[in-house]
Amino acid sequence: MASAEIAAEHERIQREIESTDTNCIGPTLRSVYDGQEHGLFMDKLEGRIRNHDREIEKMCNHHFQGFVDSITELLKVRGEAQKLKGQVTETNQKLQSDGKELLTSMDELRQCRLQQRNIATTIDKLTHCLPVLEMYSRLQEQMRAKRYYPALCTLEQLEQSCLPKAGGYRFCAIMAENIPVLRTHIRDVSMSDLKDFLESIRKHSDKIGETAMKQAQVQSSRDSDITHQQRTGSGKRLRREVGSGTMVESSGGSPNSEQDSGILDVEDEEDDEVPGAHDLVDFSPVYRCLHIYTVLHETLEGYRRYFNQIVGFFVVEDHILHTTQGLVNRAYVEELWEVALSKTIAALRTHSSYCTDPDLILDLKNLIVLFADTLQGYGFPVNQLFDMLLEMRDQYGEILLKKWNLSFRQIIDQDNYSPIPVSTEEEYRRISGQFPFQDPELEKMSFPKKLPFSEFVPKVYSQLKEFIYACLKYSEDLHLSSTEIDDMIRKSTNLLLTRTLSHCLQYAIKKKNVGLAELVQIIINTTHLEMSCHYLEEFISNITNVPPDGVNATKLYGTSTFKDARHSAEEEIYTNLNLKIDQFLQLADYDWMAAQGGGQASDYLSDLIAFLCSTFSVFTHLPGSPIEHARLPGKVAQTACMSACKHLSTSLLQLLLEADVRQVSMGALQQFNVDVKECERFARAGPVPGFQGDTLLLAFIDLRQLLDLFTQWDWSTYLADYGRPTCKYLRVNPHTALALLEKMKDTSRKNNMFAQFRKNERDKQKLIDTVVKQLRNLIAAHQS
């Protein structure tokens, strides 16, 4: 018994030695030497070792042949590997050699392409630069030839068209810097020529007068001779005398040759007749100066000199009036002022009508006010000047509208139609300073966050304020009351809102490639601008000191402007959605004679549903009303979704009933039914929040009842309950049902759409004919 226990213990120790890690074998061996049977254990251990040696030898004998075969195969492979290595090395050398040539060719090709691109770029740049250089050369030739008017036209063309196209080259910058200098030079030279002409005219006016008087004398002599000829009838003698008199007068009055500017040389001895006074004068300096000053733009300095001369003249007249007696009187000075005032006003009206710069008109207005106040201080009446300034106010307003129209268009074109991201408190305060936006919920959110509107909103609001400031600047110093100024500013602002900004918003809505996301953002933007209208009212009241709730106060039309723009954007959304749906429906390709329907929706409809789902996810940012937060879904999204579903339902029904579809099988109706179920699944999923119950499903109710009637072939119920309020197929029009049923009459024998009735073709046709007859009787009965 003891020996069996010892043997079991030794067996356990051996198993433990075989399975235990060598680092932990010490305690196991110690238990062997603690006992008295370590000799017996060693014998068993040696026996176990011999058994393992025999197993190892058996395993080696078993695998030895395979090992030898593997070594033999490996030795064979070594030779093949050496051969393969040599082939690879040789191939690599050839590839490297050929690759060097290819790389050389590629590098040459790259250089050629680079040169080609540089040449094309150079040609393109030269194409833009050569016209500039040629035109500048022509300008220099015209300046040297003193052809100043053509030079001025060339200068205008160079500045307006050629230089902007050439680019930012240094020679272009030099030319641009020289343009004002050349203009000034041309103006000064033309004025100098005009002054020389006037001086010459003054110097030689006696000669011109003498010539004019000689011409009058010759004409008088001719008239006298003709009268004498009529009396005596001796025409030949009279002609000789007239000719002799002409020659005498011409030779006797012949002036010396003149080289002064404006006076032409006249060889009177060679002329048969005395030249006219206008033939002696070269008026080209006058015409040239007139043309040049017509092309040159008006400047404020010119107006200032004009007013200074008038003021200086009347200051002198007023001083003479008050310091002398009998030299001038009050009536003379007042009459002189009335004439000067009428001519001044006429000139100002003419010249200011061509001005298109609002800043110049504003400066001119200030100059006219100073001119009027100065003369009023000397006792001259100036009410007509202020009346003219009020007339110029309308012109100034029109110019402002044109300028702001360009500003609004630029803002629209540069807008990204995305909510404004705000990363810091400073950015949020900066935008809040530009646009009066308050949202307690948004202020609680941590940064970064997004404002609901795009950059369009604060930029447009800032431009509206700038326009109001511009209108106020013109109203200053016109001796108007606060109420009049307030009324003028409000009327001008209303024109800006209802005409300029409204047209720009329509431009943004109607322009090409505007997507649904952009239209949604436009709705959000106009909603916030509408909410800011009362801030504009307060802004105008603050700068004019007129309360906005006055009896005669003009109200701003901003609310209606932005509301109309929002409605237009909404209609554009509905229209674009319907167009997109129509585009998907054009891809529909039903097999109207299919034996049976498929188990899943058509591909085009699956794509359409996916598009609608992604589209209506954008509408989660639409405002519900002007006082709600701009991220809440609203009525616009619900209307768009309902409109899209109704249009889809109507279009599917039209697709089923269109004239091109001559026959429809029951299998086709089953597939069509699967597609309609997919539409209903989309409506049931609630793509836009806010619908109560299955309201959206009502868009497909007509189609659903029609398909149920045909797929269930429930004509007995339909015919029996027709006209009752509780009819199961209340939305099925008998005309529609009859039209679809007619398409199912003439089916081929291969079509087994009535296989569920287990009747032959004759009975099927008879059944259809019976239903058709009953429908026609039903229609006739209700029509009568």
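The secondary structure of the protein chain comprises 26 helices and two strands; here helices (H or I, at least four residues) and strands (E, at least two) are DSSP runs, numbered from the N terminus. This is a predicted model, in which local features need pLDDT of at least 70, side-chain atom pairs count only at pLDDT 80 or more, and totals for chains, interfaces and linings use all residues. Residues are numbered from 1 along each chain as its sequence is written, and side-chain values use heavy atoms, with hydrogens and water left out.

The term pLDDT denotes the predictor's confidence in each residue, from 0 to 100. Its mean over the protein chain is 79, and 82% of the residues reach 70 or more. Confidence is highest in helix 15 (residues 456–475), at a mean of 91, and lowest in helix 7 (residues 235–252), at 38. Over residues 234–272 pLDDT stays under 50, and the model has 59 contacts for this stretch beyond four places in sequence, where contact means heavy atoms within 4.5 Å. Residues 749–759 also stay under 50, with 16 contacts beyond four places in sequence.

The chain as a whole may be considered next. Of its 784 residues, 37% count as buried. A residue is buried under 20% relative accessible area, exposed over 50%, and partly exposed in between (1.4 Å probe, protein chains only). Among the contacts with a separation of 6 or more, 75% are between residues 24 or more positions apart.

In soluble globular proteins, nonpolar side chains tend to be buried together. A nonpolar core is a set of buried Ala, Val, Leu, Ile, Met, Phe, Trp, Tyr and Cys residues joined through side-chain atoms within 4.5 Å. The largest such core in this model has 150 residues, and Phe710 and Trp715 have the most contacts inside it. Helix 12 (residues 383–414) supplies the largest share of this core, 13 residues. Leaving out residues up to four places away in sequence, Trp715 touches Leu709, Phe710, Ala737, Leu741, Val771 and Leu775. Another core, of 19 residues, lies apart from it and includes Met135, Cys162, Ile179 and Leu182.

How do two helices meet? Helix 9 (residues 300–323) and helix 11 (residues 358–377) pack at an angle of about 10°, with their axes 10 Å apart. Axes are lines fitted to C-alpha atoms, for helices over the stretch in contact, and angles run from 0 to 180 degrees between N-to-C directions. Helix 9 is therefore roughly parallel to helix 11, a description that applies to angles under 35 degrees. On the side of helix 9, the residues in contact are Leu300, Tyr303, Arg304, Phe307, Ile310, Val311 and Phe314; they meet Leu360, Asp363, Leu364, Leu367, Ile368, Phe371, Thr374 and Leu375 in helix 11. The residues of this contact divide into 12 nonpolar, one polar and two charged. In this division Ala, Val, Leu, Ile, Met, Phe, Trp, Tyr, Cys and Pro count as nonpolar, Asp, Glu, Lys and Arg as charged, and the others, Gly among them, as polar.

Individual residues illustrate further details. Arg490 lies in helix 16 (residues 482–510) and counts as buried because its relative accessibility is 0%. Leaving out residues up to four places away in sequence, Arg490 touches Glu537, Ile540, Ser541, Pro548, Thr554 and Leu556. Arg490 and Ile540 are 50 residues apart in sequence, and their C-alpha atoms are 7.8 Å apart in space. Ala151, in helix 4 (residues 148–166), is likewise buried, at 0% relative accessibility. With residues up to four places away in sequence not counted, Ala151 touches Leu139, Gln142, Met143 and Ile186.

The backbone also deserves attention. Most residues other than glycine have a negative phi, and most peptide bonds are trans. The peptide bond from Phe447 to Pro448, however, is cis, with omega near -5°. Pro448 is placed in the loop between helix 14 (440–444) and strand 2 (449–451). Asp477, in the loop between helix 15 and helix 16, has a positive phi, near 65°, and is exposed, with a relative accessible area of 53%. Asn545 lies in the loop between helix 18 (533–544) and helix 19 (558–585). The phi of Asn545 is positive, near 60°, and Asn545 counts as exposed at 65% relative accessibility.

Methods
Parallel < 35°, antiparallel > 145°, perpendicular 65-115°, else oblique.
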